[in-house]
Amino acid sequence: MDINGQVTKVTWRIANFCSIKSKKLCSEIFTVDGNKWRLCIYPKGNNVDFLSVYLVVADSVIWPTGWSRYAYFGIAVIDQFDRENSETLVTSKEFTENEADWGFPSILPLSELHNPTRGYLVNDTCLVEAYVFTDRNIGFISHELIVKTDTDKLQTKEADCVKAAMYN
């Protein structure tokens, strides 16, 4: 369980989204319960016409054979005009050396992402949030938690990942 039994909230602001040339873009590393994670997106889709978003064990190459890490997590692409219309998906996963990433290849159609009447890209900036919890016995992350989160009301640790590492 996290140090204070809290959900770790990560907000990734991806500026100049339409200028991204890389197939894959990853956030800075963040820590949950002493484990290092990152978010990775495929801005033009991972072999689909959807924005694809994944949670990744960032330091998987240093772990010994047979390692595993559990996470219950939600990922959201934030509608910056109306947060309640944000695209959210929630899952749990036992990450292993053979599956060090897991997520959503089809979280949001690219046509919706780039639709100027929607709020997914505002001033060419996309907001992706992840809510990560590692207690196997509790699963309470939901669409409602994500879209109605007020950090003054819900105790979360927020890592603001404003830098990104690019991967081709």
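Buried here means under 20% relative accessible area and exposed means over 50%, with partly exposed in between (1.4 Å probe, protein chains only).

What you're looking at is a predicted model, where local features need pLDDT of at least 70 and side-chain atom pairs count only at pLDDT 80 or more, while totals for chains, interfaces and linings use all residues. Residues are numbered from 1 along each chain as its sequence is written, and side-chain values use heavy atoms, with hydrogens and water left out.

Let's start inside. A nonpolar core is a set of buried Ala, Val, Leu, Ile, Met, Phe, Trp, Tyr and Cys residues joined through side-chain atoms within 4.5 Å. The largest one has 33 residues, and those touching the most other members are Ile 14, Phe 17, Leu 51, Leu 55, Ile 75 and Leu 113. At least two residues of this core come from each of β1 (7-14), β3 (30-32), β4 (35-42), β5 (50-57), β6 (68-77), β8 (101-109), α1 (110-113) and β9 (126-133). Those labels are DSSP runs numbered from the N terminus: helices are H or I with at least four residues, strands are E with at least two.

Zoom in on Ile 14. Leaving aside residues up to four places away in sequence, Ile 14 is in contact (heavy atoms within 4.5 Å) with Ile 20, Leu 25, Ile 41, Asp 124, Thr 125, Cys 126 and Val 128. There's also a second, separate core of five residues, including Cys 26, Cys 40, Tyr 42 and Val 56.

Two of those names matter again for the disulfide, a pair of cysteine sulfur atoms within 2.5 Å. The whole structure has one, joining Cys 26 to Cys 40 with an S to S distance of 2.1 Å. Cys 26 sits in strand β2 (residues 24-27) and Cys 40 in strand β4, so the bond ties together parts that are 14 residues apart in sequence. The S-S torsion is about 100 degrees, so this disulfide is right-handed. Both Cys 26 and Cys 40 are buried.

Cys 18 is in no disulfide, and its nearest cysteine sulfur, that of Cys 126, is 9.5 Å away. Cys 18 has a relative accessible area of 49%, so it counts as partly exposed, while Cys 126 is buried at 1%.

Finally, find Arg 83 in the loop between β6 and β7 (87-96). Arg 83 is partly exposed at 24% relative accessibility. Its side chain makes a polar contact of 2.7 Å with that of Glu 129. Such a contact is a pair of N or O atoms within 3.5 Å; within protein, one must be able to donate a hydrogen and the other to accept it, and residues adjacent in sequence count only if both atoms are side-chain atoms.
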